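Please keep the sequence and the model open beside the text while reading.

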Protein chains: 2
Amino acid sequence: MTVLYNRVALVGLGLIASSMAHAMRRGGLAGEIVGTARSAETRKVAAELGFCDRIVPTAAEAVDGADLVVLAVPVGAMGTIAEEIGPHLAPGATLTDVGSVKRAVVDAVAPHVPEGVTFIPGHPLAGTEHSGPASGFAELFENRWCLLLPPEDADPAKVDRLAALWRAMGSNVDFMDIERHDLVLAVTSHAPHLIAYTMVGVADDLRRVTDQEVIKYSAAGFRDFTRIAASDPTMWRDVFLNNKDATLEILGRFTEELFALQRAIRTGDGDLLFDYFTRTRAIRRSIVEAGQDTAAPDFGRVGTKR
Amino acid sequence: MTVLYNRVALVGLGLIASSMAHAMRRGGLAGEIVGTARSAETRKVAAELGFCDRIVPTAAEAVDGADLVVLAVPVGAMGTIAEEIGPHLAPGATLTDVGSVKRAVVDAVAPHVPEGVTFIPGHPLAGTEHSGPASGFAELFENRWCLLLPPEDADPAKVDRLAALWRAMGSNVDFMDIERHDLVLAVTSHAPHLIAYTMVGVADDLRRVTDQEVIKYSAAGFRDFTRIAASDPTMWRDVFLNNKDATLEILGRFTEELFALQRAIRTGDGDLLFDYFTRTRAIRRSIVEAGQDTAAPDFGRVGTKR
């Protein structure tokens, strides 16, 4: 139990921030945790759950005297918040964020960071389909990667301390370049999310198949898509709008490939399909071997009784 | 414990057939279970695992004297098997199958069904990403739907008995028309599988992002796709080739919709994206409420430690 920061300010109290609070509490990593959220309802729920030491009504109050400030709001709100808290950040403080897009966040936040404050963008690759202050839990970051993207001139001691916090919360820490981050995440996260949203939307919209049929018979594959497509709408709207180029590039490649497979189906090219499906199976194996998913069949789902 | 069939012949010994054997054993539903598979290796593994009472080398031998014959081979192999066993089917026997496509199976199998044998096509909507005789387990069908598609003139007593077997193995049973089945499954299963295969293939193929990055950072969404894309290549090749029209129709709708969302991203139409993502979230809720998936975050995944 090492206190890494005397006062941590969480701006935004959704899944990520509440999970951080639980994990910091568990590890005794923060002297005090102060939380704030724009919505009074969110603040009320968070206060009731008690994962922060104090809940305050404004971001400016929250960051007062904090040696670590975490921006945990949708990507599109980061700039406004940064502008609001900039004048109130304590000299020597570290500012970080947990946004899923990095170029847009850095461009929006950096101009408001005062001299003497170190901004270290971050992105924990962890989450569930649930959102809000009641959805957090201390184990969310266990064995998940947290990417940190410090500017070249960042104080190494401050970077080490933030990395130590993430490790103490259970994460593995990697460092990455901003542009690379946005491209890699477009592949591993943003494009898959848009595709899942699309497939679920199509199923809902098709007049030839009823919603009830789609829901009843979803276990045949479709339901895996619906989990991803249940993710927070505000967060994901902002991700797509703020990682436009990389997402559209990957979707372009996806469409090209989908057309090739559709053509193979149409022309009856079984060998192409078989080889393709054999190759994708190997990737799954690598992910399980890398400890990033369970080998248990069906994700080891439990509790799906009627 | 009611014996529903005196001798059940399982032709094919993969995930579905081996799970049926385990479930029939558990419930004491079959007097004797006889299994066969084309591959000597599969027969050997199945014999070692011992979930059948007898393993025989040919389908003709397997069906001899059986009052229930289950075709559990890839859809593309159904016709050949039916031709082989036709002359050996016992008068009064029930023949069923577990293929994911129904029109093509009925067209391939029905001509070989002799007078006095009742063919009742079936499709248990259950499975995992694993395949082969060692992947089966008795609980696979619990609370999953099994669709039966009896011809109009089928003996109701025989249909009832097959439905009773599936219920006794844990399934809920529904009856459906062949063409409707192939359309509904194109939405809930076939199109989602092809899309998952495509996304995983794109990620593997992209030269701008390394395989290692894709694997390490897969937890951000991509890994859900890889589970589906790890499904048996032979089975899925045959599904797509044999449900061509419905699958291509749904993929066409999917592409149309994907283009609309891509356009919304490009033009910055946040409202459209937000509304779309809110709608898809509701579908997830319905699936959980219908008992077809767990409400636990991240599918309640466990065991993904390094």
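1. Within chain A of this predicted model, 15 residues of domain 1 are in contact with 18 residues of domain 2. On the domain 1 side, the residues that touch domain 2 of chain A divide into seven nonpolar, five polar and three charged.

2. The bounds behind that point come from the domain assignment of chain A, which places domain 1 at residues 5-176 and domain 2 at residues 180-300. The C-alpha centres of domain 1 and domain 2 of chain A lie 30 Å apart.

3. Turning to the two chains, how many residues does the contact take from chain A and from chain B? The contact takes 97 residues from chain A, and 97 residues from chain B. On the side of chain A that touches chain B, the elements giving two or more residues are α7 (178-205), α8 (211-216), α9 (222-228), α10 (233-242), α11 (244-267) and α12 (270-289) of chain A. It is α7(A) that gives the most to this side, with 19 residues. By class, the residues of the side of chain A that touches chain B divide into 49 nonpolar, 26 polar and 22 charged.

4. The relation between the chains deserves a careful look, and in general two copies of a chain are related by a rotation about an axis and a shift along it. Here, chain A can be laid on chain B with an RMSD of 0.0 Å by a turn of 180° and a shift of 0.0 Å along the axis, and that is therefore the relation of a two-fold axis. The same surface serves both copies, in that 100% of the contact residues of chain A recur in chain B.

5. How do the two copies of α7 pack, and at what angle? The angle between α7(A) and helix α7 (residues 178-205) of chain B is about 165°, and their axes are 11 Å apart. Angles over 145 degrees count as roughly antiparallel, so α7(A) is roughly antiparallel to α7(B). The crossing of α7(A) and α7(B) is right-handed.

6. The contact of these two helices is made by Val187(A), Ala191(A), Pro192(A), Ile195(A), Met199(A) and Ala203(A) of α7(A), together with Val187(B), Ala191(B), Pro192(B), Ile195(B), Met199(B) and Ala203(B) of α7(B). Sorted by class, the contact of α7(A) with α7(B) has twelve nonpolar residues, no polar residues and no charged residues.

7. Helix α7(A) also meets helix α12 (residues 270-289) of chain B, and here the two axes come within 9 Å and cross at roughly 70°, which makes α7(A) roughly perpendicular to α12(B). From α7(A) the contact takes Tyr197(A), Val200(A), Gly201(A) and Asp204(A), while from α12(B) it takes Tyr276(B), Phe277(B), Arg279(B), Thr280(B) and Ile283(B). The contact of α7(A) with α12(B) has five nonpolar, two polar and two charged residues.

8. A further packing joins α12(A) and α7(B), at an angle of about 70° and with their axes 9 Å apart, so that α12(A) is roughly perpendicular to α7(B). In this contact, Tyr276(A), Phe277(A), Arg279(A), Thr280(A) and Ile283(A) of α12(A) meet Tyr197(B), Val200(B), Gly201(B) and Asp204(B) of α7(B). By class, the contact of α12(A) with α7(B) has five nonpolar, two polar and two charged residues.

Notes
Residues numbered from 1 in each chain as written. Chains lettered and ligands numbered in written order. Predicted model: local features only at pLDDT ≥ 70, side-chain atom pairs only at ≥ 80, totals over all residues. Contact = placed C-beta atoms within 7 Å. Helix = DSSP H or I, 4+ residues; strand = E, 2+ residues; numbered from the N terminus. Nonpolar A, V, L, I, M, F, W, Y, C, P; charged D, E, K, R; others polar. Least-squares fit on C-alpha atoms with pLDDT ≥ 70 in both. Domains from an automatic or database assignment. Axes fitted to C-alpha atoms, helices over the stretch in contact; angles between N-to-C directions. Parallel < 35°, antiparallel > 145°, perpendicular 65-115°, else oblique. Left-handed = near helix turned anticlockwise from the far one by under 90°.
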